Amino acid sequence: MNLESLLHSAFADYEKALELLQSEDYYDAAEKAWNAIETLRKAFLVALGVPYDKAKTVNYGLPLFSRLMRALGLRKLLRKYEWFDYKLHIMGFYERITSEEEIKEIIEKHIDPWLREMHQVIMKIRGAKIGNILEIYDQMIRLKQEVLKKSGELARIRSELTKRINTFASSLRAELQG
């Protein structure tokens with residue numbers, strides 16, 4: 001998806017969330033509002049030259065988004081993003097713990113200002129390419145995957161070592177006690 005499509009989709013999802021509120025479908029409204037927010041997260045990354053296929057993923061795109069938002073001094077917007085994730089997406093749509101009244105208040109009072117502010121940020125950063133950052137970020141991701149793989153191997157070897165020590169000690173214990 002290109003940047004313009006993402007921006008259009010985000011605001012269309014927000015409008016759909018408002019419609020769902022009108023029909024008192026609060027939890028679907030929460031998810032549609034969350035989609036609008038998440039789409040702007042992706043648009044932010046795409047505006048900087050991150051390929052959409054990477055920007056859309058949680059394991060690649062979300063940590064990069066968080067790092068960039070912090071580095072740009074946009075912590076307030078980042079905290080709101082995290083709050084929306086928790087209140088609308090996790091505790092709202094999935095767990096259905098956020099009350100209907102709170103969902104309505106969040107969508108009506110907090111989402112639109114966040115979307116508009118993020119849109120302004122995206123328009124200002126649009127075209128700034130972060131290719132050299134992506135190179136090192138990709139390298140870091142590959143190394144992290146290797147470390148996780150090696151960590152699994154290490155756990156397997158450690159388990160085998162423990163098993164062999166216990167077997168060895170078991171046979172010697174009998175001699176030590178006798």
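Arg116 is partly exposed, at 48% relative accessible area (buried means under 20%, exposed over 50%, partly exposed in between, with a 1.4 Å probe and protein chains only). The model is predicted, so local features need pLDDT of at least 70 and side-chain atom pairs pLDDT 80 or more, while totals for chains, interfaces and linings use all residues. Residues are numbered from 1 along each chain as its sequence is written, and side-chain values use heavy atoms, without hydrogens and water.

**Exercise 1. Salt bridges within helices**

Which residue meets Asp112 in a salt bridge, and how far apart are N and O?

Step 1. Apply the rule: a side-chain nitrogen of Lys or Arg lies within 4 Å of a carboxyl oxygen of Asp or Glu. Arg116 is the partner of Asp112, at 3.1 Å.

Step 2. (Helices are DSSP runs of H or I, at least four residues, numbered from the N terminus.)

Step 3. Asp112 is partly exposed, at 22%.

Step 4. Look along H6. Glu108 bridges to Lys104, with the closest N and O atoms 3.0 Å apart. Glu108 and Lys104 are four residues apart in helix H6, so about one helical turn separates them. Glu108 is partly exposed at 37%, and Lys104 is partly exposed at 31%.

Step 5. Move to helix H7. Glu160 and Arg164 lie four residues apart there, and their closest N and O atoms are 2.8 Å apart in a salt bridge. Glu160 is partly exposed at 30%, whereas Arg164 is exposed at 57%.

Step 6. Take the total: eleven salt bridges.

**Exercise 2. The H2–H4 crossing**

At roughly what angle do the axes of H2 and H4 cross?

Step 1. H2 (residues 26-47) and H4 (residues 58-71) cross at roughly 70°, their axes coming within 10 Å.

Step 2. List the contact residues (heavy atoms within 4.5 Å). H2 gives Arg41, Phe44 and Leu45; H4 gives Gly61, Leu62, Leu64, Phe65, Leu68 and Met69.

Methods: Axes are lines fitted to C-alpha atoms, for helices over the stretch in contact, and angles run from 0 to 180 degrees between N-to-C directions. Helices (H or I, at least four residues) and strands (E, at least two) are DSSP runs, numbered from the N terminus.
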